[in-house]
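These are my notebook entries on a structure I was asked to look through. I record what I looked up, in the order in which I looked.

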Amino acid sequence: MSVQVVAAKMAEVELKDVSAGKALPAESPVTPTSEDKTLARNEPQKEAGSSAAAATTPTAEPSAKAGEGNRGLLTPSAAKMPQASALKHSDPQQNGGDAFVNRDGTVAEAPRMKKIQFADQKQEFNKRPSKIGRRSLSRSISQSSTDSYSSAASYTDSSDDETSPRDKQQKNSKGNGDFCIKNIKQADFGRREIEIAEQEMPALMALRKRAQGEKPLAGAKVVGCTHITAQTAVLMETLSALGAQCRWAACNIYSTQNEVAAALAEGGFSVFAWKGESEDDFWWCIDRCVNVEGWQPNMILDDGGDLTHWIYKKYPNMFKKIKGIVEESVTGVHRLYQLSKAGKLCVPAMNVNDSVTKQKFDNLYCCRESILDGLKRTTDVMFGGKQVVVCGYGEVGKGCCAALKAMGSIVYVTEIDPICALQACMDGFRLVKLNEVIRQVDIVITCTGNKNVVVREHLDRMKNGCIVCNMGHSNTEIDVASLRTPELTWERVRSQVDHIIWPDAKRIVLLAEGRLLNLSCSTVPTFVLSITATTQALALIELYNAPEGRYKQDVYLLPKKMDEYVASLHLPTFDAHLTELTDEQAKYLGLNKNGPFKPNYYRY
Amino acid sequence: MSETAGDAKPEVKQASKEVKESENVAEKYSAMTVSKNSEINMGELSSVFSAVPTHKPVKKQIQFVEEKQEFSRFPTKTGRRSLSRSISQSSTDSYSSAASYTDSSDDESSPRDKTQVNSKGSSDFCVKNIKQTEFGRREIEIAEQDMSALISLRKRAQSEKPLAGAKIVGCTHITAQTAVLIETLVALGAQCRWTACNIYSTQNEVAAALAERGVAVFAWKGESEDDFWWCIDRCVNTEGWQPNMILDDGGDLTHWVYKKYPNVFKKIRGIVEESVTGVHRLYQLSKAGKLCVPAMNVNDSVTKQKFDNLYCCRESILDGLKRTTDVMFGGKQVVVCGYGEVGKGCSAALKALGAVVYVTEIDPICGLQACMDGFRVVKLNEVIRLVDIIITCTGNKNVVTRDQLDRMKNGCIVCNMGHSNTEIDVASLRTPELTWERVRSQVDHVIWPDGKRVILLAEGRLLNLSCSTVPTFVLSITATTQALALIELYNAPEGRYKQDVYLLPKKMDEYVASLHLATFDAHLTELTDEQAKYLGLNKNGPFKPNYYRY
């Protein structure tokens, strides 16, 4: 009993910590005005320095070509290829993102201007710069968010029709024209996509069944801004089945699956999104979502905070009717904490990014599989007996190590945190400094969330054929820029794989040019996205139905009970049978039979 | 290093035999009262708590699966309750692995009646026999080999003497490991007076060695209840010496001081408590507004928790099963009830040996973790007929009932890794139609009328406490944590700690871990200034936010 009380106390303190944090360097996330654009544009140069600048020029062209050439080969991920080339051009902007947006997974730390704290919570931040190159519109960091498009980007080519959707008048079969998408005729195709996704999102389907009788979202008017993919469509249709009205825009200018948007529009959803929006289109779409006569949203589902920001800037009055914001990305959450700290948050907000289930799936479980997948796809390396060094033993590092060990690799770990280091020791990994093993290892994997973990000096000493890749954060961990020197030859051997050849003919195999291997070279399972979507749906239900006063104008973590519910909805997939407490047992433990089962500080 | 440890082992075994003898007494006792077993437990618990007058005897002392350890194994001579209230692995276990092997029966006169003087002429102690000093010294030296963290702490902090002026009164198990801790505290400048927190766990020769070195120790193996409190009182109630720090394990000392010498608290800078029970008592006090000094809960530090539960049980489940049954694990079907830290450890170990592992859970998050780790999550009833081994680690009661025991297959092994003796409903097996056959120490065959046998280990008490040992390394983690908590509380600037119960600061936790890395020849990477700036971290930690899950 008292233990639990104390736990609660602890949690509070943490949250207080959060709001008491220091300010971020720039308000840019909250003000996308032209001044800020310049500000943001300058910052990357400052932050990233010469490395980013160097990165832009020399290879932009080859990589672009590679992208073109491969488009036909990899159908499902075709979208990735042009993106790769786009990325090349915009590396500085990517770093620019780093400068002003915090994308570590850490709520508490986020507001303290520490950009990235923890190895395991980091995900690539912005892969696709917008066309104007100012910044990426994808601010999501969670695996589930950022990744949706890498696994399932639209495969109806958008280039077949060059007129902007904004100029077209389209109507769905019911005569409704309140949407704006690429081509309503692709609806059937999109429907099939959605149905496939439904197969792998049993939790949402179960939620529909369980909650449909009650319609817990009856009267909810949800305005959403997320990646628009088949998985999101399942979420939207679930919300709708639970009684909500939805209007939706995309949170990333590239990630929309046009056919899915079409299917949604056909189903009566007001969707404003297409693949390849311009910056202007992006804000126009958001505005069309929000600014409708006779309809005012009362819930916001956001991914990256752009929608929240737009409403905050343009329609502040709207917040009077809003019951809550659900935000899934690290960036968006960070912005909310900023607002909250400044006393400007006028509605309750739910941070779903840091729920236990989501964190575990985004990091540990997802990376445990994608490290093998990514390495196999790119290099066809055999793991057995290989010597591998994994830099960082957070959740991502733990996943990578476990997977590689299981394949028979000899795994070394580097760490800075003694507690994680001790964990590595007890899990049977040799804890070393990178320098000590750099000459002997066959594979180097970074997942620290830090920068310059692997530097030129290390790269110089690696043995021939050593594979270098990054699972951690953005493209900062490996000092790729230092490899752009005249004496080294770069050879692109296949998409995402570069050989860097030293004058003595030694070759290093660099994957994804130091960007995130799991985003560039492997896919995210729908199951992971299902965890996120379910969490979002439950957060909406919780906020919408919470009695007056339960949530104040602050940023909340998902209640543990909801977290447990998300997990329980996914158990049937494994045919897992949860044991129920008897009344006597529940009494003995002092627990409610239906949970929550653990105190807040429980570590899982 | 490991050689000496190896040498020590047979002796330790001998020792544990003795312990087992006393256990047998305990067993007889519990056999006598078996029908009321669970009530007794509750009774014991509540009497423990009623000893602290400020709060009701709450039934939910223990909430979390992972924090549960056997509570009271040794009934006191008076049979009222056990004096061992410690629950953490490191605490409760010390005596099962290293109880005194100098036989205490050779001398029947109570140490209280004897006057003994150490070689320096001091007689401010009360131990069984001061002459055992040399033997005890060897024990301590062996323990030092495995507690390199404390030794390096001595080296690192010796020049600063961070505990200079500290007067520590302690109440813990008195074993070679504790002795290393005490001598470390002394090396760091503290004066110590010590007593035992358990009437059986004292290693007499270690107590003698400590007394010889000038530590005022009041403890011997086989104290009576009355002796127990007398020892505590002698520790606290000294002329010309008032403690300013308390190191407690179980809360008895704190309670005694609180009851008898409330004025002493005026000088006390802090309490360090290591057991779940003691921590619980402190939280109760704090809640009632009666805690008048800061207290540090070292039980819930990350490092200690992981070692007490995950790492320790991962090894002791195999050890315990092998020692008792010599079972081969490959291909065996095992069901592990509960997937907390203990369950995770057991499952991982068994899987690694090729067993087919099923898991039962009540918490969907832990259930999902089990799924993702590759274990079938089932209800116990679904697999009860198939499995060869059943391991409980839920912290709950009646997880395995008679009904399930009836349906097990012949030769099924049933054991408990979780909490006390409540998880398996052993009482329900004490019926006339079932025959109990003790095949060896800690192993009973329960025989059904049709000849089916179920193998019950340790009569449903904790397998890891009864049938395996706790490595010194785990005790080293605890001792180091305690030492650092003392240093932190003693040196904290005025106002950092109020009259409340605190968790060990993360930085200290990290320091405990870092002191133990040397054992693994592990080389920690250091952040460059640039990297630290990029991450917004201090180069020396803390590296993670408080809510980080590890």
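How many helices and strands are there in chain A? I looked this up before anything else, noting that the model is predicted. Chain A has 21 helices and 15 strands.

**Entry: chain A as a whole.** I next looked up burial and contacts over the chain. Of the 604 residues in chain A, 66% are buried. Taking the contacts in chain A with a separation of 6 or more, I noted that 72% come from residues 24 or more positions apart.

**Entry: helix α9 of chain A.** Is helix α9 (residues 258-266) of chain A mostly covered or mostly open? I found it mostly covered, with eight of its nine residues buried. I listed the buried residues of α9(A) as A:N258, A:E259, A:V260, A:A261, A:A262, A:A263, A:L264 and A:A265. I then asked what covers the buried residues of α9(A). The cover includes α6 (187-199), α8 and β3 (270-272) of chain A. After α9(A) comes A:G268, and I recorded a positive phi for A:G268, near 95°.

**Entry: the pair α8 and α19 of chain A.** Two packed helices are described by the angle between their axes and the distance between the axes. I recorded their crossing as right-handed.

Which residues make the contact? From α8(A) they are A:Q231, A:L235 and A:L239. From α19(A) they are A:T526, A:L529, A:A533, A:Q536, A:A537 and A:L540. By class, I noted six nonpolar and three polar residues in the contact of α8(A) with α19(A), and no charged ones.

**Entry: A:D281.** I found A:D281 in helix α10 (residues 279-290) of chain A. Is A:D281 buried or exposed? Its relative accessible area is 10%; buried means under 20%, so A:D281 is buried. Setting aside neighbours within four places in sequence, I listed A:R166 and A:W274 as the contacts of A:D281.

**Entry: domains of chain B.** Last, I turned to chain B, which is divided into domain 1 (111-300 + 492-524) and domain 2 (308-467). I noted that the centres of domain 1 and domain 2 of chain B, taken over C-alpha atoms, are 36 Å apart.

Definitions and conventions
Residues numbered from 1 in each chain as written. Chains lettered and ligands numbered in written order. Predicted model: local features only at pLDDT ≥ 70, side-chain atom pairs only at ≥ 80, totals over all residues. Heavy atoms only, no water. Domains from an automatic or database assignment. Left-handed = near helix turned anticlockwise from the far one by under 90°. Helix = DSSP H or I, 4+ residues; strand = E, 2+ residues; numbered from the N terminus. Contact = heavy atoms within 4.5 Å. Nonpolar A, V, L, I, M, F, W, Y, C, P; charged D, E, K, R; others polar. Buried < 20%, exposed > 50% of the residue type's maximum accessible area, 1.4 Å probe, protein only.
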